[in-house]
Amino acid sequence: MTDFIIVPGIGGSGEAHWQTRWQRVNPAMRRFMPASWELPDFDDWVAALETAVSEAKTPPVLVAHSLGCLLVAHWQHISGRDVSGAFLVAVPDPAASAFPSIAHRFAGSPQQRLRFPSLVVASTNDPYGSLDSVRAKAGQWGSELHVAGPFGHINGDSGLGEWPTGMELLRAFVEQTERGGQGLLR
């Protein structure tokens with residue numbers, strides 16, 4: 001069974017968020033736990049992700065949203081722990097006016113290819129990052145890109161409920177990583 005680590009952004013993905021809904025119904029999904037969801041401390045968040053990955057029984061798939069995506073990029077550059085891949089939803093642009101100033105330490109994420117397979121899922125109208133900025137980041141990270149449509153920040157306010165389309169994307173991504181490849185999702 002694949003282990004999953006839920007990596008929310010600021011606020012920790014509330015009850016209406018697809019990450020929380022997925023975690024509720026899948027015992028293989030657990031959440032990394034920093035000291036504060038509201039005041040993201042870079043060093044604490046990196047350490048919390050390191051702990052969560054070290055506690056996984058098998059190399060997990062990281063399921064990140066928003067600031068969690070930038071955390072994954074920084075963490076993988078610092079840590080040598082194995083993960084199977086990263087499912088990165090709503091990657092924010094630190095240069096966007098909506099990017100929270102309390103998260104400034106997460107800006108400047110590594111620009112080179114991630115060391116594991118990754119899929120970036122983007123919205124066409126995300127206030128935290130334009131599609132062009134997400135395309136550029138996916139290219140730098142060597143990530144596949146899936147454009148989901150006009151879903152805002154792909155969060156609890158997007159009205160996605162359980163987000164079954166996202167779960168299908170995750171399943172396909174996991175199958176692809178198990179086959180040992182990238183470039184197979186269409």
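Modeller: Glu168 has a relative accessible area of 46%, so it counts as partly exposed. In this predicted model, its side chain meets that of Arg171 in a salt bridge, with 2.6 Å from N to O. Arg171 is partly exposed too, at 44% relative accessible area. Both residues belong to helix H5, where they are three residues apart, or about one turn of the helix. In general, an α-helix has 3.6 residues a turn, so residues three or four places apart point the same way.

This pair is one of the salt bridges in the structure; a search of the whole structure finds five. Another is formed by Glu162 and Arg21, whose closest N and O atoms are 3.8 Å apart. Here Glu162 sits in the loop between strand E6 (144–149) and helix H5 (164–178), while Arg21 is in helix H1, so the pair ties together parts that are 141 residues apart in sequence. The cut-off for a salt bridge is 4 Å, and the 3.8 Å of this pair is within it. Glu162 is partly exposed, with a relative accessible area of 39%, and Arg21 is also partly exposed, at 23% relative accessibility. Buried would mean under 20%.

A further salt bridge joins the side chains of Glu50 and Arg81, at 2.9 Å from N to O. Glu50 lies in helix H2 and Arg81 in the loop between H3 and strand E4 (85–89), so this pair ties together parts that are 31 residues apart in sequence. Glu50 has a relative accessible area of 24%, which makes it partly exposed; Arg81 is partly exposed as well, at 37%.

H2 covers residues 42–55, and its 14 residues reach 20 Å from the first C-alpha to the last, close to the 20 Å expected at 1.5 Å a residue. Its buried residues are Phe42, Trp45, Val46, Ala48, Leu49, Ala52 and Val53. They span an arc of only 160 degrees around the axis and therefore lie on the same side of H2. Among the elements that cover these buried residues are E1, strand E2 (29–31), strand E3 (61–65) and helix H3 (67–78). Glu50, the salt-bridge partner of Arg81, is partly exposed.

Definitions and conventions. Residues are numbered from 1 along each chain as its sequence is written. This is a predicted model: local features need pLDDT of at least 70, side-chain atom pairs count only at pLDDT 80 or more; totals for chains, interfaces and linings use all residues. Side-chain values use heavy atoms; hydrogens and water are left out. Helices (H or I, at least four residues) and strands (E, at least two) are DSSP runs, numbered from the N terminus. The expected span of a helix is 1.5 Å times one less than its number of residues. Buried means under 20% relative accessible area, exposed over 50%, partly exposed in between (1.4 Å probe, protein chains only). The arc is that of the directions from the helix axis to the C-beta atoms. Contact means heavy atoms within 4.5 Å.
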